[in-house]
Amino acid sequence: MPTIETPNLILRPYAAVDAPAMAALHGNAQVMDFMKDGKTLDGAEAAATFARYLDCWQRAGHGIFAVRERVGGAFMGECGHWLRPDKP
C-alpha cells in the first residue's frame, strides 16, 4: 500500500495501531465541525468507521491515510478519500 512522505509528515494507510487515535479524532467536537456532518462518533461508531476505512484499502486500493509527524511519529490527523456506503 502507498506511503507518502514529505519533509515533515508521513501519510500511510491506517493500520490497527491507529484505531485509538482515529477514535479520539472522530470524538472531538471541534474537529468534527468540519467532518461527517458535524457529528462526533462514539467508540462503537468510530470502530465501525475504522473497519470500513481498512476495508476500503483492501477492496479498492485507496482510502484514508493516517497523517503522522516524521520526527516522533505523533498522530496529526487523516486525509484521503474512501467509498462511503451511505453517500452516493
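Predicted model: local features only at pLDDT ≥ 70, side-chain atom pairs only at ≥ 80, totals over all residues.
Modeller: Residues are numbered from 1 along each chain as its sequence is written, and side-chain values use heavy atoms, with hydrogens and water left out.

Biologist: How do you know which class Cys 79 belongs to?

Modeller: Cys 79 has 30% relative accessibility, so it counts as partly exposed.

Biologist: On to Tyr 14. Where is it found?

Modeller: In the loop between strand S2 (9-13) and helix H1 (19-26). Those names come from DSSP runs: helices are H or I with at least four residues, strands are E with at least two, and both are numbered from the N terminus. Tyr 14 has a relative accessible area of 5%, so it's buried too.

Biologist: What does Tyr 14 touch?

Modeller: Contact means heavy atoms within 4.5 Å. Not counting residues up to four places away in sequence, Tyr 14 touches a list of residues including Met 22, Phe 50, Trp 57, Phe 75 and Glu 78.

Biologist: What makes the Tyr 14 and Glu 78 pair a polar contact?

Modeller: You need a pair of N or O atoms within 3.5 Å; within protein, one must be able to donate a hydrogen and the other to accept it, and residues adjacent in sequence count only if both atoms are side-chain atoms. The side chains of Tyr 14 and Glu 78 come to 2.6 Å, so the pair qualifies.

Biologist: Which residues make up the largest nonpolar core?

Modeller: There are 11 residues, among them Tyr 14, Leu 41, Cys 56, Ile 64 and Trp 82. H1, helix H3 (43-60) and S3 each give two or more residues to this core, and H3 has the largest share, with 4. The term covers buried Ala, Val, Leu, Ile, Met, Phe, Trp, Tyr and Cys residues joined through side-chain atoms within 4.5 Å.

Biologist: How do you know that S3 and S4 pair?

Modeller: Two strands pair if DSSP finds at least two bridges between them. Strand S3 (residues 64-69) and S4 are joined by 5 bridges, so they pair, and they run antiparallel. Phe 65, for one, has Cys 79 as its bridge partner in S4, and Ile 64 stands opposite Gly 80.

Biologist: What is the strand order in the sheet?

Modeller: S1-S2-S3-S4, an open sheet of 4 strands with antiparallel pairing. Strand S1 (4-5) and strand S4 (75-80) stand at the edges, each with a single partner strand, so one side of each has no neighbour in the sheet.

Biologist: Is S3 mostly covered or mostly exposed?

Modeller: Mostly covered: 5 of its 6 residues are buried.

Key: Buried < 20%, exposed > 50% of the residue type's maximum accessible area, 1.4 Å probe, protein only.
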